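Here is a short briefing for a first look at this model. Keep the sequence and the structure open side by side.

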Amino acid sequence: MTRLHDHLAEAIKDPDPIRVDDLICLRFETMKVYSALGAVRHLLDSGQVRPGDTLIDSSSGIYAHALALACHRYGMKCHIVGSTTVDRTLRIQLEILGATVEQVPSSNNLQLDQNLRVRRIGEILRDNPTYHWMQQYHDDIHYLGYRAIADLVASLVPSGPLCLVGGVGTGASTGAIAAYLRESGRDVNLVGVQPFGSVTFGAGHTQDPEMIIAGIGSSIEFRNVRHELYDRLHWVSFEYAMSAAVDLLRTSGVFAGLSAGAAYLSALWEHNCDRGRKHVFLAADTGFRYVESAFARHAEARPMASMRPREITSLDELAVPWSAMSWDRRESAQLQRQEVPSATPSH
């Protein structure tokens, strides 16, 4: 029976579960709507904010849309400090939804871009102390909305060991889903996907000749990443993520972003290594914003069978285009970064 929703945010948050060979793909239009709705609802219920207050945060685009929808849903005001990846189509949507948007100056350096955005938020908060900073990179409140996805995964695969594969990002998606599943007693391996150049799991000393994948990599510390939740890590280059995203579209019809391509590639490898688990991977957003930068280059895509990871035991062995490592739920990434001094992030 079709459900009538009260708001678009409620309608688009639910993923489409799709079988892709022996894997399950959770294909979202925009996964962070779960996170934003859960966070805003909790802030209102706990009295930390009131209807009509202004919520502010930094975003490369996906969270901006999610927060604007959540604010629209609950009668809040929204201010976004965006990167240049917030394109004209998205910006117009945000403005019509009632959000105010400003973008930092263009930069090819992710660390400079992220630091500029955070610095700008600090300036705005000094002038507007009543604004509430959502801090998607740091506040565990963003875990709350993902319990519903854990429940969905449990219903799709009601028994047996699981493996969840997806971009680490701020940590509030893959980490939260796995944590909620484990709370219920499920045997869950969690495989996080990162781009080269990201400091989150100590790869800041590496560099992808193409680009860092937006949304799952960071040049600054994300404090809501719980490193001890992760069993395995995969670092995937733009070229390999693009190739896998093209293959995912070609073989299954799923049109998803670069992080989904990287997760698909990693999930296939993990499945080949451990067929005793059901593997679920996350396609967190659609592929529209990657049409020119990635999908238009589909003729360059590598065959899936030609791509294999380099299995490493230490971060100083990291190498483009694809490396994988058993993380074994270590409590702190900092312990591993000590092996590679240059990987320590600067703030």
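Asp-328 sits in the loop that joins β12 to α10 (333–337); helices (H or I, at least four residues) and strands (E, at least two) are DSSP runs numbered from the N terminus. The model is predicted: local features need pLDDT of at least 70, side-chain atom pairs count only at pLDDT 80 or more, and totals for chains, interfaces and linings use all residues. Residues are numbered from 1 along each chain as its sequence is written, and side-chain values use heavy atoms, with hydrogens and water left out.

**Backbone in the loops**

- Most residues other than glycine have a negative phi, and most peptide bonds are trans.
- Asp-328 has a positive phi, near 60°, and is not a glycine.
- Asp-328 counts as exposed because its relative accessibility is 54%; buried means under 20%, exposed over 50% and partly exposed in between (1.4 Å probe, protein chains only).
- Arg-329 lies in the loop between β12 and α10.
- Its phi is also positive, near 55°.
- Arg-329 counts as partly exposed, at 37% relative accessibility.
- The peptide bond from Val-320 to Pro-321 is cis, with omega near 15°.
- Pro-321 belongs to the loop between β11 (310–312) and β12 (322–326).

**Helix α3**

- Eleven of the 13 residues of α3 are buried.
- Among them are Ile-62, His-65, Cys-71 and Tyr-74.
- Their cover includes α1 (8–12), α2 (32–45), β3 (54–59), β4 (77–82) and α4 (88–96); contact means heavy atoms within 4.5 Å.
- Gly-75 follows α3 and has a positive phi, near 70°.

**Helix pairs**

- Two packed helices are described by the angle between their axes and the distance between the axes.
- Axes are lines fitted to C-alpha atoms, for helices over the stretch in contact, with angles from 0 to 180 degrees between N-to-C directions.
- The axes of α6 (residues 147–156) and α7 (residues 174–183) come within 8 Å and cross at roughly 60°.
- α6 and α7 are therefore oblique to each other; under 35 degrees is roughly parallel, over 145 roughly antiparallel, 65 to 115 roughly perpendicular, and the rest oblique.
- Arg-147, Ile-149, Ala-150, Val-153 and Ala-154 of α6 meet Ile-177, Tyr-180, Leu-181 and Glu-183 of α7.
- The axes of α8 (residues 238–252) and α9 (residues 258–273) come within 7 Å and cross at roughly 85°.
- α8 and α9 are therefore roughly perpendicular.
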